[in-house]
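Work through the exercises below with the model in view. Try each task before reading its solution.

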Amino acid sequence: MTKTAAGTRPGHSDRDAWADKLELDLTLVHSVPRELVNRVLAEVAEAVTETGQPAEELFGPAEEYATAVATERVDARLRSTRDFEGRTSATHFRQGMVAGGIAVLIMAVVGTFNSEELSGASTLLLSLSTSVFVAVVFAVFPALRAAGRARAAWLYGAVAGVIAAVGVCLAALPAIRDAHSFPFPPIAAAGCGVLLGALGLAIPARAVNRWFSPGEGRRLDDEQWLRRLGELLYGRHGLPLRTAQRHVTEAREHLAATGRAAQQELGQVEVYAMDLTDGPGRAVQRVRHQFLGSLFSMAVFAVLFTLTLMDSDSSGAALWVHVVLFVCSGAMAVTLLRKMRVR
């Protein structure tokens, strides 16, 4: 679709930027179906043409208008499959695999310029264990959380951590570290990153959603319904555990008072959980989780920087990469903190 059809006019960069931002938010942030995105952009184009006013004056900031469209014009059952960030399990998985692939590529490039000599076996072990850990942390963990399966997410994360630790320990063993039975240069690890990104882009979204949410929308008995409500509120919608349990208790008491089945009285559990968390608090929750993620990233890069600094055999490339990533995470944390205070 051209920018003219997207609600802008040639030569007006501000309108182009607004339409691009709207389309990006609708597609990537809110996972709005392509048909609705095209219809909204056509409506914006028509309104801009008829009035001659900028799109931002007519519809407000692109981010807020995208949120309004996703809330008001997308079917409730479809919206209920998204978490507090507006993403589905498939969106988290696919974007996480691509981001994880880029991270592995960066690590492979840094390792290539590292002066420390490693055997092919050590490099292979480090590459495979790191790729598994990155894939789980970047893709599988957030996808499971978005599916409302927080316990499974933490289990997978723990297993990935053990795999990474075992890989690092094995790679450091003298018998493997000093072996030169076959060549496997660090740059070859870039292939693992390419593979992660390719898998993320190649696997269909429907297949990913079925993997992580196999029973989405099925009929449940009362206990299953209430248990699933707690999982969705805590995992998918990011409520604190106590708040989620309080909502479950209230729903249980309401059902006991009415004597009706949960699905008959309160409807589909995914839609009910979404209705409980809709509102301004969802945006606050999203910013809070992003802020916590930035703090976690800062802590990780600070540890990596310290370990690299203490290693006399390490090269300056790895040191500076950790410094840059720490500074970027810190800048992101400061930006998110300001947003939290404004809200």
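## Exercise 1: Overall build

Task: find how many helices and strands the protein has.

Solution. The protein has 17 helices and zero strands. Both are DSSP runs, numbered from the N terminus: helices are H or I with at least four residues, strands are E with at least two. This is a predicted model, where local features need pLDDT of at least 70, side-chain atom pairs count only at pLDDT 80 or more, and totals for chains, interfaces and linings use all residues. Residues are numbered from 1 along each chain as its sequence is written, and side-chain values use heavy atoms, without hydrogens and water.

## Exercise 2: The largest core

Solution. Start with the terms. A nonpolar core is a set of buried Ala, Val, Leu, Ile, Met, Phe, Trp, Tyr and Cys residues joined through side-chain atoms within 4.5 Å. Buried means under 20% relative accessible area, exposed over 50%, partly exposed in between (1.4 Å probe, protein chains only).

Next, the core. The largest one has 21 residues, and Phe93 and Val140 are among those with the most contacts inside it. Elements giving two or more residues include helix 6 (89–112) and helix 11 (205–212).

## Exercise 3: Around Phe93

Task: list which residues Phe93 is in contact with, leaving aside neighbours within four places in sequence.

Solution. Contact means heavy atoms within 4.5 Å. The residues are Ala139, Val140, Ala143, Ile203, Val208 and Phe212.
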